[in-house]
Amino acid sequence: MKKEDICDALNFLSDALIEETGRLREHPGRPAGRWLRWGAAAACLLLTAAAGFRLLHPAQPSPDMPLLSISEEVSGMGFEGYMAYDISELINANPWKEAARLSSLPVYRNREACDENGPVKKPDFEKMRALLTDIAGRLGLDESRFSITDNAPDEKTRQQITEKMEMAGDSVPEGYFEPSALILQAEGIKIEVDGSLTAEISFSPALRLPAEYSFHHFSSRQELEQVAQYLSGQYASLIGMQKPQLNITGGDYNIYLQQGYQLEFFEGAGGALDRLLGYSFKRIAFYCDDEGALFLVRLFQTDLSEKVGDYPAITAQQAEKLLLEGHYLTSVPCEMPGAAYIKKVELLYPVRGQEKEFLPYYRFYVELPEEERENGLKTYGAYYVPAIESRYIANMPQRGGGFH
């Protein structure tokens, strides 16, 4: 049974029932206004490849290097576009420097890969419990004083969902009611860890910062730098990094011409590759509510225990050549306008549920001339090129820009 069929069936459920069964899987994000134009769902599907991929050329990897495939699933809405008056306004602390000249890049198995029926593998509850217990300790909580539960619905809720689906002519897929997260709840704090080893720490009531700090959805970069200094002191144990690196990311405008940023830290210890992996996989993000109080922290600890191998890397210049030849992934419904409109490039590992492996990509920010507004506000679309040699990719994308 496909996910979209499940969603259709769930439309028959009451709001209360849906909240009861789904509340622990929801993830509050940035202010809604920031993504009204492009669609918030696209942010989680940045690298979605359109149907109609074909091989760039027959791949001939070495015997000990498995051939890799890129997901061809298309879903979501809108596209990954950033609005700014100049590319310099779009900032982050990506540690990659082209001068590093990384000759190879590791590829990891995605233990939380999903297909149309959900996660391919069952969650590793032992690792989830270990992370939950560790975070409780960082927050000064005695885990032994609190019970750890999961997010599986109770028998009454299961029966109601089953009956609703049967009324719609569907059945509940195997494993649909199995737990996917572990939860510890103490007074004013709830910790939830899911199968991707992402932990959410929510505070109720939300925690107000001292009056001298401005922590709001549209605080300036300078204001967030001051907030970061405060948070790094107050939550040093929770951050728990050898060398926390501040990452103020964003700078794009929403349709109301409000500029916003996100406050994060990533593990900055080690060499160039270690820092790149920390930037992509070992992060912690702090979120404010509408009143400017801290209500949520997300700790990302992606499981990289299954390494596929170290693959030969290509340079940014080689990736740009592939981009101009049409070998890229994007959610931008516009043709690639040409080399003159490439304004920025960075190397990173996007975390996508559809991919069986975590691959490195070059992300190119491309100015879209047809999207420029009368007030001078430009739109920069994101185009992605795999950062490893094409011969190791079974379905190297061939696109002429735009959706097929």
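Helices (H or I, at least four residues) and strands (E, at least two) are DSSP runs, numbered from the N terminus. The model described here is predicted: local features need pLDDT of at least 70, side-chain atom pairs count only at pLDDT 80 or more, and totals for chains, interfaces and linings use all residues. Residues are numbered from 1 along each chain as its sequence is written.

Eight strands form an open antiparallel sheet in the order S5-S6-S7-S8-S12-S11-S10-S9, where two strands pair if DSSP finds at least two bridges between them. Strand S5 (148-150) and strand S9 (244-253) are the edges, each having a single partner strand, so one side of each lacks a neighbour in the sheet. On average, neighbouring strands of this sheet are turned by 20° against each other, direction ignored. Within the sheet, S6 (residues 181-186) and S7 (residues 189-194) run antiparallel and are joined by six bridges; Gln185 stands opposite Lys190 in S7.

Helix H5 (residues 221-234) lies across S9, S10 (259-267), S11 (282-288) and S12 (294-301), at about 35° to S10. Helix H7 (residues 272-281) also packs on the sheet, touching S9, S10, S11 and S12, and its direction makes about 40° with that of S11. Contact means heavy atoms within 4.5 Å; axes are lines fitted to C-alpha atoms, for helices over the stretch in contact, with angles from 0 to 180 degrees between N-to-C directions.

Methods
Heavy atoms only, no water.
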